[in-house]
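Subject: Structure handover

Hello,

Here is the structure I promised to pass on. My notes follow below it.

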Amino acid sequence: MDFSVLPLILRSLMDPEARKVLKIGNEVKRFSDYLAWYIARKVMESVELDGVPLTEFNSRIRDPHLARALYELMETWGYVRVEDGVIKVVRRPPEKGPVMTAPSTLEVMPVFNRIMDTLPEAIKTGKKTFYWKDRESKLLFLRFLDNTGYNFVRQVFARWIGVPELGPEDWVVDVGSGMGLSAVILLKLGKAKVLAIDPDPDSLSIAEDYAKMAGVEGRLETAMGRGEELYEIVKDRAPLGRVKLVTMVSILHWVDSPEEVLKQAGMVVARSYGKVGLFQGVWERKMLPYMVVTWLLGSKMMPEPEDLKGWIRDAGLEVERYTKWPFDMYLLRARSQ
Ligand SMILES: C[S@@+](CC[C@H](N)C(=O)[O-])C[C@H]1O[C@@H](n2cnc3c(N)ncnc32)[C@H](O)[C@@H]1O
């Protein structure tokens, strides 16, 4: 039993929004059981496991991070264990996986299946078939990002970090904005202007189209660039004293230097006493199936919890608020001396 969910359960008795958060959190959990089953089948199809020393299993998988994630996943879901350094298959994933019924899950299942079908190739060669930057992978990546469940969670995040309370003179800087799914929600749920920053120009042009479709393009600015150069980019495009929030939705495992990106975010909000809203999973067992899927699309693995803590501290920031339902979200502020 995850006791951190108890306050939410209590709130959900009175509050319909909390009920929805609880529901989507449970769907995310159920879906991870399905993904773990699918991934386990792909691993068992691709590599020998029973009676194989763990070191040998690791060496058969081209990428060491993938090897570790796959072993941990198989162990967590009770398919294998290690005895004296040798893998023992405890049970094989059944022919049929967990049955999914939630519409928000059924909607993304085919996309996730297609991505997971590329796992055997990645195991063998380290190649990521649907590498997100390739033009032909863009649509798949867009479907992966733009779906009912993820968009609902983005809305919860935007409210949780206080976007609706901002005024028309305020700015939100969305780092690693990609195709603008979070940026559009930040615009729709508030009155502030949004500066969307991403190194990928194709993604930004899709973000602009998205904002137009939603009728909120008047308050959107885009800038091409990396989070590692955030301060320089923002200072030329927005009044620093008015940047009340820097948001980052699932980007720290995509950037080159997450510690630098957090440092820069801290510098940007320092002048305005603003906050950093961070939506970020870490390397933990419940995230393993999602981590493998995003890795297949081109990200790194999610950071170790201790690394994330260290980066936040080294950026001169501290956690003002944290929740793990329906997803790990942090509101960070400048550390008090
Ligand atoms: C999973 S997508 C996040 C999309 C977006 N935040 C959302 O909510 O849909 C990761 C994004 O990180 C961006 N990215 C990669 N390297 C980056 C860097 N060094 N600085 C900022 N963003 C980066 C990618 O271009 C990609 O759009």
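Helix 2 (residues 16-46) and helix 13 (residues 288-297) have axes that come within 8 Å and cross at roughly 60°. Helices here are DSSP runs of H or I with at least four residues, strands are runs of E with at least two, and both are numbered from the N terminus. Axes are lines fitted to C-alpha atoms, for helices over the stretch in contact, and angles run from 0 to 180 degrees between N-to-C directions.

The contact involves Ser32, Leu35, Ala36 and Ile39 of helix 2, and Pro289, Tyr290, Val292 and Val293 of helix 13. Contact means C-beta atoms, placed from the backbone, within 7 Å. These residues split into 7 nonpolar, 1 polar and no charged. Nonpolar covers Ala, Val, Leu, Ile, Met, Phe, Trp, Tyr, Cys and Pro; charged covers Asp, Glu, Lys and Arg; the others, Gly among them, are polar.

A word on the source. This is a predicted model, where local features need pLDDT of at least 70, side-chain atom pairs count only at pLDDT 80 or more, and totals for chains, interfaces and linings use all residues. Residue numbers start from 1 along each chain as its sequence is written.

Two strands pair if DSSP finds at least two bridges between them.

Strand 6 (residues 243-249) and strand 7 (residues 275-279) pair in the parallel sense over 5 bridges. Met248 has Leu278 of strand 7 as its bridge partner. Leu278 also stands opposite Tyr330 in strand 9. Strand 7 and strand 9 are antiparallel, over 4 bridges. Strand 8 and strand 9 also run antiparallel, joined by 6 bridges. A hairpin through 5 residues links strand 8 to strand 9.

Last, the ligand. There are 20 residues around it, and Gly176, Gly178, Ser182, Gly227 and Val249 come nearest. A residue counts as near if its C-beta atom, placed from the backbone, lies within 6 Å. By class, the shell holds 8 nonpolar, 7 polar and 5 charged residues.

Best wishes

Technical notes
Contact = placed C-beta atoms within 7 Å.
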